[in-house]
Amino acid sequence: MPASQPVFLNAVGTAVPDHDIHDAFIAWARARTDARATKVFDRMASRSGIAHRWSVLPPTADGGSPVDAAGFYAAEPHPGTAARMTLYAEHAPDLAIRAIEALRTEIAVEGITHLVVASCTGFVAPGIDQIIARRLGLSPSVERLLIGFMGCYAAVVALRSARHIVRSEPHARVLVVTVELSTLHLQPATDIEPLLAMLQFGDGAAAALVTADATGFELGTPFAAALPDTEMLIRWDVTDAGFAMHLSGEVPARIATALADTAFRTIVSDGQPPETIDGWAVHAGGRSILDAVEHAMQLKPEALDASRQVLAENGNMSSATLMFVFERLLAGPKIGRGVALAFGPGLAAEGFGFRSAA
């Protein structure tokens, strides 16, 4: 295939669990703060921009949440990593299949030649890629790629990998899946920063088809940049009681500082003035992160509407979040010049340009 041959994100399907745990988890976290921190906690929680977050953890017999009596997190110490990974192995493939079924309502999902799966909230072997392939009845010859533990920008990595595959194999049909079960990793913190960080994350899955067929969004040149001296600002620590997420309150300011740098802005906007970009697919990592991007790039207030809507309805679903944003943008007006952008562990930025098919 010629190097100039375009590659397209044809369609996206998404899925979330049925159990909304947002209010219950806020009440649980609030009760863990001391009197001096409660007012700050209330103010920050109310400004999160999140109304709902969904969990694979089921309600209790009397309708309670996972942090209520008889819930998964009812008693401390909380269940260990083994119990959490058992739930991941059970629920992650189920949620991924639901997203693929949603994709089927948008486009035919047959003749898959490659499967790319991104997930950072669990481990299982055989891998979740093999489980999904088997349950879909894919040919044993389908090539699989599992992208693990890359966090929020893994959707960019997955779509970038799919683009490379199609550019090298003209008839490839790449199924891209992102699935995250962040609510399996609640931690018994008492400090306000980790509590607020945990209250951003929810569960979700997305599936997309990437081919050379000229429908959906054409995927442009990818970019990647690591911000210096930021490696401790976003990280996962694997502990005996699940994965402990660390999300520093410094992250939005560091993102704003990076985007204020002319060289970095040029990378992100592909050398174009930000005001000429009419489509922004920004990972909804939190209200303050979206605010930082909006202000640093001097965007119109409505530029990040799709990201803010996804955040409000689902919270931060790690790698799946950006795919939810693409689902919304695909349903909207045509985009002449777009930018996809996500931040994650490193602290690093990953993204690519895109535009609507002619």
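The model is predicted: local features need pLDDT of at least 70, side-chain atom pairs count only at pLDDT 80 or more, and totals for chains, interfaces and linings use all residues. Residues are numbered from 1 along each chain as its sequence is written, and side-chain values use heavy atoms, with hydrogens and water left out.

**Exercise 1. Packing of α5 and α11**

Describe how helix α5 packs with helix α11.

Solution. 
Step 1: Locate the elements. Helices (DSSP runs of H or I, at least four residues) and strands (runs of E, at least two) are numbered from the N terminus. Helix α5 covers residues 154–168, and helix α11 covers residues 321–330.
Step 2: Read the geometry. Axes are lines fitted to C-alpha atoms, for helices over the stretch in contact, and angles run from 0 to 180 degrees between N-to-C directions. The two helices pack at an angle of about 65°, with their axes 7 Å apart.
Step 3: Classify the angle. Under 35 degrees counts as roughly parallel, over 145 as roughly antiparallel, 65 to 115 as roughly perpendicular, and the rest as oblique. Helix α5 is therefore roughly perpendicular to α11.
Step 4: List the residues in contact (heavy atoms within 4.5 Å). Helix α5 contributes Ala 155, Val 156 and Leu 159, while α11 contributes Leu 322, Met 323 and Phe 326.
Step 5: Sort them by class. Ala, Val, Leu, Ile, Met, Phe, Trp, Tyr, Cys and Pro count as nonpolar, Asp, Glu, Lys and Arg as charged, and the others, Gly among them, as polar. The contact of α5 with α11 has six nonpolar residues, no polar and no charged.

**Exercise 2. Packing of α9 and α10**

Solution. 
Step 1: On the α9 side the contact is made by Arg 287, Leu 290, Asp 291 and Glu 294, and on the α10 side by Ser 307, Arg 308 and Leu 311.
Step 2: By class, the contact of α9 with α10 has two nonpolar residues, one polar and four charged.

**Exercise 3. The buried residues of α10**

Which residues of helix α10 are buried, and what do they pack against?

Solution. 
Step 1: Buried means under 20% relative accessible area, exposed over 50%, and partly exposed in between (1.4 Å probe, protein chains only). In α10, residues 305–314, the buried ones are Ala 306, Ser 307, Val 310, Leu 311 and Asn 314.
Step 2: Look down the helix axis. The arc is that of the directions from the helix axis to the C-beta atoms. The buried residues of α10 fall within an arc of 135°, so they line one face of the helix.
Step 3: These buried residues pack against β3 (54–55), β11 (279–282), α9 (287–296) and α11.
Step 4: Just after α10, Gly 315 takes a positive phi of about 75°.

**Exercise 4. The surroundings of Phe 326**

Is Phe 326 buried or exposed, and what does Phe 326 touch?

Solution. 
Step 1: Phe 326 is in helix α11.
Step 2: With a relative accessible area of 0%, Phe 326 is buried.
Step 3: Not counting residues up to four places away in sequence, Phe 326 touches Leu 9, Val 12, Leu 159, Phe 217, Ala 281, Ala 340, Phe 352 and Phe 354.
Step 4: Phe 326 and Ala 306 are 20 residues apart in sequence, and their C-alpha atoms are 8.3 Å apart in space.

**Exercise 5. Backbone details in loops**

Where are Pro 77, Leu 347, Asp 229 and Ser 318 found? Describe the backbone at each.

Solution. 
Step 1: Pro 77 is in the loop between β3 and α3. A cis peptide bond joins Glu 76 and Pro 77, with omega about 5°.
Step 2: Leu 347 lies in the loop between β12 (338–344) and β13 (348–356). The peptide bond from Gly 346 to Leu 347 is cis, with omega near -15°.
Step 3: Asp 229, in the loop between β8 (217–226) and β9 (234–239), has a positive phi near 60°. Asp 229 is exposed, with a relative accessible area of 67%.
Step 4: Ser 318, in the loop between α10 and α11, has a positive phi near 50°. At 1% relative accessibility, Ser 318 counts as buried.
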